[in-house]
Amino acid sequence: MKVFHKPRLQLTEKSVRGYKVLVSIISCILNGTLSSSVKAVLLIAASVSQMALAGVRVIELAGLAPAPFCGMILADFGARVIRVDRTKAAVSMDSLARGKQSVALNLKNPRGAAVLRRLCVQSDVVIEPFRQGVMEKLGLGPEELLKENPRLVYARLTGFGQNGCFAQSAGHDINYLAMSGLLSMLGRSTEKPYAPLNLVADFAGGGLTCTLGIVLALLERTRSGKGQVIDASMVEGSAYVGSFVWKSRNLGLWNHPKGENLLDSGAPFYDTYRTSDGKYVAVGAIEPQFYQQLLQGLGLDSADLPPQLSSSDWPEMRKIFAARFASKTRAEWEQVFDGTDACVTPVLSLDEVASHPHNQERGSFVQDTQGEESPRPAPILSRTPAAPSLARDPFIGEHTRVVLEEYGYMPAEVEQLLEAGAVECGRAKARL
Ligand SMILES: C[C@H](CCC[C@H](C)C(=O)SCCNC(=O)CCNC(=O)[C@H](O)C(C)(C)COP(=O)(O)OP(=O)(O)OC[C@H]1O[C@@H](n2cnc3c(N)ncnc32)[C@H](O)[C@@H]1OP(=O)(O)O)[C@H]1CC[C@H]2[C@@H]3[C@H](O)C[C@@H]4C[C@H](O)CC[C@]4(C)[C@H]3C[C@H](O)[C@]12C
């Protein structure tokens, strides 16, 4: 029996009331006084109504990574997210599909584009992940959609933004990070710049920043009653996330070449070290009082070492620290440093991270019904916490029929759209 890492919810008066509703619904279900469809709707309503974005309806046009992440965050916090997939696509590459439904539309078929317009008229947000100008070519640009639904938040998530000489160029995370200026700062002094996975532009400066824009626009709409267009450029989002680098230049934090500064692997007290068992620890002992505890744990005396901030001595100091860390296993160093202020932590692998006592105590990772482990949504809202779906991801077109009928199409109309190739209904495929 798999033990799921359930996020620990802070129960308060409102959430207790919400859960009482849930309990009474479940008791009706158990004594069979509700039909199955009513049961499902009530259960979902009761759980979703607790969340911050309950009632928000989002149309996410299927994209590569940034837009799916934005959609997943919105779904995690209670929004209803319908992903619009292409027809004739074999499988979805959206690995961030948690909590979404899938409708397959051929937007190049005018009847398929008309379906999207109808979905957007009855929705709060549309997220488009395409190159600048693609939606206009489809007749689905902001002009058209905001005319039909002035309350629509129209989020455009691109690499270079909606204008500028690169706006029409293809690119990926590393390109946007390079254009933001930040990539030039990343990497050890002996290495060429390297991108930290596709985390900064795709996710921090892309999907997450776009989500912020959507939530800000929804908040503003509560006053104005109006939607607006969000131009989310991953170049600018990345640079914005990295504002500290620009704003702290006058503090002298980045005066040295790449990889020789305090926070970019230059300082020996802010780096990683290999332990005797081939694992690593991370050291972040910046302040003098924490640095002293680091030396104490390493069995070193500051009198025998150069001053902490003597950057010309940092290479030598690093060698001394490296030799000490190489003398014990990671677990042994955890015994030495856990619970101290030496700012030394184990570098945990993806397979270890959920079971680390701290992360387990907080329920920082969840496991879905397919056994897949992933991070719980963050941050935790005390009264209306996210409750991520634990159901399997949708198959392409799995919800086409139910969504179109919910949005006002008669069954016969859906059949006509299917025959015209404007929409497609997916069949649930057994997971291999
Ligand atoms: C998992 C890998 C991705 C990792 C993340 C990566 C590192 C990133 O950085 S993702 C961020 C990319 N940039 C952006 O999102 C910025 C904005 N978008 C763009 O600039 C562009 O979309 C683009 C450059 C990303 C792609 O350009 P492209 O020319 O392909 O598309 P657009 O110009 O946007 O036009 C879209 C056209 O599509 C039409 N459309 C859209 N929806 C519909 C619809 N419903 N119906 C009909 N038509 C539709 C639209 O009209 C446009 O048509 P026109 O062009 O005629 O106007 C993944 C990275 C690569 C993947 C692999 C790769 O794709 C090959 C395999 C493909 C296979 O299907 C699956 C397996 C793959 C191996 C695949 C696996 C993974 O997904 C990748 C590795």
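Which residues does the UniProt annotation "transmembrane region" cover?

1. According to the unreviewed UniProt entry, the annotation covers residues 21-46, 58-79 and 194-219. UniProt positions are given in the numbering used here, feature names are shortened, and annotations may be inferred rather than shown by experiment.

2. This is a predicted model, in which local features need pLDDT of at least 70 and side-chain atom pairs count only at pLDDT 80 or more, while totals for chains, interfaces and linings use all residues. Residues are numbered from 1 along each chain as its sequence is written.

3. The protein has 16 helices and 12 strands (DSSP runs numbered from the N terminus: H or I of at least four residues for helices, E of at least two for strands). Of its 432 residues, 34% are buried; a residue is buried if 20 or more other C-beta atoms lie within 10 Å of its own, exposed if 12 or fewer, and partly exposed in between, with C-beta atoms placed from the backbone.

4. Two of the annotated stretches can be described further. Residues 194-219 are 81% helix and 0% strand, with the end C-alpha atoms 37 Å apart. Residues 58-79 are 50% helix and 18% strand, and there the end C-alpha atoms are 7 Å apart.

5. Helix α7 (residues 173-180) packs on helix α8 (residues 199-224) at an angle of about 75°, the axes being 7 Å apart. Axes are lines fitted to C-alpha atoms, for helices over the stretch in contact, and angles run from 0 to 180 degrees between N-to-C directions. The two helices, α7 and α8, are therefore roughly perpendicular (65 to 115 degrees; under 35 is roughly parallel, over 145 roughly antiparallel, and the rest oblique).

6. On the α7 side, Asp173, Tyr176 and Leu177 meet Val200, Ala201 and Asp202 of α8. By class, this contact of α7 with α8 has four nonpolar, no polar and two charged residues (Ala, Val, Leu, Ile, Met, Phe, Trp, Tyr, Cys and Pro count as nonpolar, Asp, Glu, Lys and Arg as charged, and the others, Gly among them, as polar).

7. Domain 1 comprises 52-241 + 390-424 and domain 2 comprises 270-274 + 280-346, with bounds from an automatic or database domain assignment. Their C-alpha centres, those of domain 1 and domain 2, lie 45 Å apart.

8. Arg274 is in strand β7 (residues 270-274). Arg274 counts as partly exposed because it has 14 C-beta neighbours inside 10 Å. Beyond its neighbours within four places in sequence, Arg274 is in contact with Tyr280, Phe325 and Ala326 (contact: C-beta atoms, placed from the backbone, within 7 Å).

Terms used: Two residues are in contact if their C-beta atoms, placed from the backbone, lie within 7 Å.
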